[in-house]
Amino acid sequence: MDTLGRFRDRLSSLPRHLKQLLLICFDVLALLGVLWLSFSTRLGTSFAPDGPQFALMLLAPALAVPVFIRMGLYRAVIRYLPERALLTIIQAMTLATLLWVAALFLAEATRLATFPRTVPFFYFIFGTVVVAGSRFVAKSLLWLPERGLAPRDSLVAIYGAGAAGAQLAEALRESHRVIFFDDERGLWGRDVGGIRVHPPDSVGQLIEGRGLKEVILSMPSAAPARRGEIIAELSRHSVKIRTLPAISDLVSGKYLVSQLREIDIDDLLGRSTVPANPDLMGAILPGRVILVTGAGGSIGSELTRQIVRGAARKLVLFEANEFALYEIERRLKPLAGDVELVPVLGSVVDAALVRRTLATHGVDVIFHAAAHKHVPLVEANALEGIRNNVIGAKVLVDAAVAAGVQRFVLISSDKAVRPTNVMGATKRWAELIVRHYGKGPGMRYCSVRFGNVLGSNGSVVPLFREQIASGGPVTLTDARMTRYFMSIHEAAELIVQAGALAEGGDIFLLEMGEPVAIRDLAENMVRLAGLSVKGPANPTGDIAIVETGARPGEKLFEELFYDPANAVPTSQPKILRKPAARGTDGLDEALAALCAALAADNEVEARRVLFELVEAPARLEVSSQEP
């Protein structure tokens, strides 16, 4: 079998044109053999042709091969040759035989040679068997690894042996052994497309005897009640259950939106990523006790996955939302291995809880991702946004310094640059707090500033996907609006590496590429869903894009730098460093005034203090190298 396998693999790897030439040579030799057999069968003895007879025998494949070429017998891929190809082979052999018969009559009329009248009949029968049989035998040999030698856990069952199931089976057969289940008794024990159909009550037997692991429901026309019954019955067994709409519906785009995978930044923006630097990842994660605030959020949850993979000793999951904390702990448990997971439910503004958590677990590194980030909501709830984002950062930094935490990484935002909204201003305050209060022997406290991440909670991508799935319209605030984007995975990797690069007081800027027009993003997502944009140029399109007007505090353009000239490269090409600044004059007084406004529930005063401090970026971002 090893020799056969090597021969099959070598044959499969040949260029397409060489495979076609080999098949033509085989057909020529096979048809000559068929003619000799036809004569021998008719004469009852071994046939020895004379010169003219041999010439006419050579004429038969010379006529047949062009017919076979014309009818596509050499275009088909043998591995995927459908059963209906037998009809094409019969038609091709019929035409080739008739042409040869015409040549025989011409030979007899010119007295070049004579042939028994039954030879063409035998030629047609034997030729059809050999040409068709050779192809289907070759197909079976090519599928032998999947049908006979595939691992036991590669067996997949398709529930529904109809047209959709048959199409799905063809797509799966290259890498899996496939069987069918079907409710129709008349199909039990029969083959559909060369695949055996089993009764549904044989699931348990197939699990035990043949290692069945997965059942895919392909029943687009089944009633919901019947689908529920099937799923309930299959759920009694230790088998994975998945479902799929009709492949014809997927092709037409009818269900494509609901089947969309997470949109990747490379698909939409052509953004190139740089692999994580293992030295930087290894400098901050292995063997350490790490705390992540906002662990159940978009960035926080991806950070926790990076930390678990990086072999931390203990991971403290600090989260204010009970369900989010439950979910992230549940999802991390299968990945954690030897990493101890500690869920802590509470808010970063709870100073006693923060201090107790740091002291109890001996935290070495903090990633501070907890924040209210949705611009319109924070704008409408300014006091709560300030309390959580500013006071929470101050509480956490003070507790970290007191506990001797060596590394602290604040997840900031591009909205912290020249902020026009409360969320951006609170992020800028948090940066200043980390730089001003995060000081001590050997302490490396920093902030990481970047733009939007695709698919994060509150991001525009899930909203657009939901609107497309419901038939539109897709709403955007202003067609001129642009934003920076990167994937959650890339952002989390770069945040960890930035933490390893910190020297103290740094602000790191993640290289985000070029800003993307939000309208372009919306149009790309509509097209990725297999639909068209409806508008004046295409009034019959599928999805309209509607402008709703800018919301309070929104900017048309975001920035990553106050002064790009002050940003310097690091050893990681996707990370720039804004060196530590000289000081943050007036922060203590401003913070006291802000706390007083919060205590008095005075939103007007809180806003005034909040923006007064951050409207002087030149004073607050003076390089430490300056005198």
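Modeller: Start at histidine 237, which lies in the loop between helix H9 (224–234) and strand E6 (240–243). Keep in mind that this is a predicted model. Is that side chain's residue buried, exposed or something in between? With a relative accessibility of 27%, histidine 237 counts as partly exposed, because buried would need a value under 20% and exposed one over 50%. Leaving out residues up to four places away in sequence, histidine 237 touches Val203, Gly204 and Ile207. Take glycine 204: it is 33 residues away from histidine 237 along the chain, yet their C-alpha atoms are separated by 6.8 Å.

Now try another histidine. Histidine 368 lies in strand E10 (residues 365–368), and its relative accessibility is 2%, so it counts as buried. What does histidine 368 touch, not counting residues up to four places away in sequence? The list is Thr293, Val348, Ala393, Leu396, Phe408, Val409, Leu410 and Ile411.

E10 belongs to an open sheet of 9 strands with mixed pairing, in the order E9-E8-E7-E10-E11-E12-E17-E22-E21. Its edge strands are strand E9 (340–345) and strand E21 (568–569), and each of them pairs on one side only. Helix H14 (residues 322–336) packs on this sheet, touching strand E8 (314–319) and E9, and its direction makes about 180° with that of E9. Further along, helix H17 (residues 382–403) lies across strand E7 (289–293), E10, strand E11 (407–411) and E12, running at about 175° to E10.

E19 pairs with strand E20 (residues 543–547) in the parallel sense over 2 bridges, and lysine 534 stands opposite alanine 544 in E20.

Helix H3 (residues 51–70) has 20 residues, which at 1.5 Å a residue should span 28 Å; its end C-alpha atoms are 30 Å apart, which agrees. Its buried residues are Gln53, Leu56, Met57, Ala60, Pro61, Ala64, Val65, Val67 and Phe68. Why look at spacing in a list like that? An α-helix has 3.6 residues a turn, so residues three or four places apart point the same way. After H3 comes glycine 72, whose phi is positive, near 85°.

Now zoom out. The chain's secondary structure comes to 24 helices and 22 strands, and 48% of its 627 residues are buried. Among contacts with a separation of 6 or more, 75% are between residues 24 or more positions apart. As for the surface, the chain exposes about 29400 Å², with carbon and sulfur atoms supplying 58% of it.

Note on methods. Residues are numbered from 1 along each chain as its sequence is written. This is a predicted model: local features need pLDDT of at least 70, side-chain atom pairs count only at pLDDT 80 or more; totals for chains, interfaces and linings use all residues. Side-chain values use heavy atoms; hydrogens and water are left out. Two strands pair if DSSP finds at least two bridges between them. Helices (H or I, at least four residues) and strands (E, at least two) are DSSP runs, numbered from the N terminus. The expected span of a helix is 1.5 Å times one less than its number of residues. Buried means under 20% relative accessible area, exposed over 50%, partly exposed in between (1.4 Å probe, protein chains only). Contact means heavy atoms within 4.5 Å. Accessible areas come from the Shrake-Rupley method with a 1.4 Å probe; for residues, only the protein chains shown count as cover. Axes are lines fitted to C-alpha atoms, for helices over the stretch in contact, and angles run from 0 to 180 degrees between N-to-C directions.
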